[in-house]
Amino acid sequence: MITRGEMPQVRRVCVLAWGAAAVSWELSTPGRLGASLASCAAFLLLAAGCALHIRHALMAELRRVQEIAGAAQRAVLRPLPGHIQGLTLAAAQLSASRGAAVGGDLYEAVPTGYGVRVVIGDVRGHGLPALGAAAAVLGAFREAAYDEPGLGGVLVRMERALARHVLAQDAAEEFVTVLLLQIAQDGSVLALNCGHPWPYLLREPRPLEPCGAPPRAAPGRRVRAEPGRRRRGGAVEDAAQRRTVVRSLDGGEVLPPLGVVPVPPGLPAQDCGQLWPGDVLFLHTDGAEDARDAAGRFFPLRSVLAGLPADTPARLVAGVHAELLRHTGGRLTDDVALLALRSDRNP
């Protein structure tokens, strides 16, 4: 490993070697052709050896730095468990900063006594500079989600953590869009939205309960059919011919992002209806729908979700990830976070 103090010494060695080679070339020039060729070959070999040695040292240093950065980034945005209290989850994050695994987008899901609590958010800016604010907000959520009986209390503690981070960093402006969800054991969904895109609800054709609507009775038991097929009115229908209904789980009040105005105390969560077995919630940051292709067209997230297989959250997230990279040609201008969860609870 070449430290910062050793770099001048390495440079001096390279300069001396280069000078020696140059002198050798000058001394051998008046002589015979064979001597000139020999000195030229020695000069090239010496220069190549110096270049390879420096490149090898720099590559080793780069690998070590990447390993350390990757470990730190995974500690901030740790992998989600595959299953939590009857929910199956999958997530992915794409950073707009080259070489970074995470950035200003954040997500987490934790099992609590109040149900599964989920957060997804987006820090102003992108890439590594926004990582500090994301870490502060995530840390507060991971602690408050277990202690606070209401989502409003969780949101207040997240805002306080962000304010402390801004004060410590002496930042002039910092805000975070946040969506908080609470999914109880009976499938009821509560939400608080601070300037964040609402998630999409994917389900078989059934009426959608909009936010604020009273919960409906659970649907009747389904008739089992062959894998990939289902019965409807006595007929068997191919799953490939079905089209998933994709609706935005919106309709409720949207608060300003964290850090813009203080969160009022005792803020009640919004009732967003029920999540029935087989339903999928797809959460995302605005970098997904704001992504553009070379012609300036926005990424059609809703239609992409409708055309992808939603049998597992992992396949759904991977499909959106691939389509997003294809649409943008791999050139993202903002961080993107994707999170899908499916209810596998028995009705």
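Me: Which residues of α4 are buried?
Reply: In this predicted model, the buried residues of α4 are L151, G152, V154, L155, V156, M158, E159, A161, L162, H165 and V166.

Me: And what covers them?
Reply: The cover over the buried residues of α4 includes β4, α3, β5 and β6.

Me: What span should α4 have, and how far apart are its end C-alpha atoms?
Reply: α4 has 19 residues, which should span 27 Å at 1.5 Å a residue. The end C-alpha atoms of α4 are 27 Å apart, so the two agree.

Me: What follows α4?
Reply: D170 does, and its phi is positive, near 55 degrees.

Me: Back up a bit. How many helices and strands are there in the chain?
Reply: The chain has 7 helices and 13 strands. Of its 347 residues, 43% are buried. Among contacts between residues at least 6 apart in sequence, 73% join residues at least 24 apart.

Me: What is the strand order in the open sheet?
Reply: The order is β3-β4-β5-β6-β11, 5 strands with antiparallel pairing. From one strand to the next, the twist averages 20 degrees.

Me: How many bridges are there between β4 and β5?
Reply: There are 8, joining residues 115-123 of β4 to residues 176-183 of β5 in the antiparallel sense.

Me: How many residues does α3 have, and how far does it reach?
Reply: α3 has 17 residues and reaches 25 Å from its first C-alpha to its last, close to the 24 Å expected. Its buried residues include L131, A133, V137, L138, F141 and R142.

Me: Next topic, the largest nonpolar core. Which residues touch the most other members?
Reply: L155, M158, V178, L180, L281 and L341 do, in a core of 57 residues. α3 gives the most to this core, with 9 residues. In general, nonpolar side chains in soluble globular proteins tend to be buried together.

Me: What does L281 touch?
Reply: Leaving out residues up to four places away in sequence, L281 touches L181, I183, P199, Y200, L201, L249, L275, L339, A340 and L341. There is also a second, separate core of 24 residues, which includes A90, A288, F299 and L301.

Me: How many residues of β13 are buried?
Reply: 8 of the 8 residues in β13 (residues 336-343) are buried. V336, L338, A340 and R342 point one way from β13, while A337, L339, L341 and S343 point the other way.

Me: Why would they alternate like that?
Reply: Because side chains in a regular strand alternate between the two faces of the sheet.

Me: Which strand is joined to β13 by 8 bridges?
Reply: That is β2 (residues 87-94), which runs antiparallel to β13. There, A91 has L339 in β13 as its bridge partner. β12 (residues 280-284) also pairs with β13 in the antiparallel sense, over 5 bridges. In that pairing F282 stands opposite A340.

Me: Switching to V304: buried or exposed?
Reply: V304 counts as buried, because its relative accessibility is 12% and the cut-off for buried is under 20%. V304 is in helix α6 (residues 301-307).

Me: What does V304 touch?
Reply: Not counting residues up to four places away in sequence, V304 touches F299, V320 and E323. The C-alpha atoms of V304 and V246 are separated by 9.9 Å, and the two residues are 58 residues apart along the chain.

Me: Last thing. What is the mean pLDDT of the chain?
Reply: The mean is 79, and 69% of the residues reach 70 or more. Residues 1-5 have pLDDT below 50, and this stretch has 6 contacts beyond near neighbours in sequence. Residues 215-242 stay under 50 too, with 33 contacts beyond four places in sequence. Where pLDDT is low, the predicted coordinates should not be read in detail.

Definitions and conventions. Residues numbered from 1 in each chain as written. Predicted model: local features only at pLDDT ≥ 70, side-chain atom pairs only at ≥ 80, totals over all residues. Heavy atoms only, no water. Pairing = 2+ DSSP bridges. Helix = DSSP H or I, 4+ residues; strand = E, 2+ residues; numbered from the N terminus. Axes fitted to C-alpha atoms, helices over the stretch in contact; angles between N-to-C directions. Buried < 20%, exposed > 50% of the residue type's maximum accessible area, 1.4 Å probe, protein only. Contact = heavy atoms within 4.5 Å. Core = buried A, V, L, I, M, F, W, Y, C linked by side-chain atoms within 4.5 Å. pLDDT = per-residue confidence, 0-100. Expected span 1.5 Å × (residues − 1).
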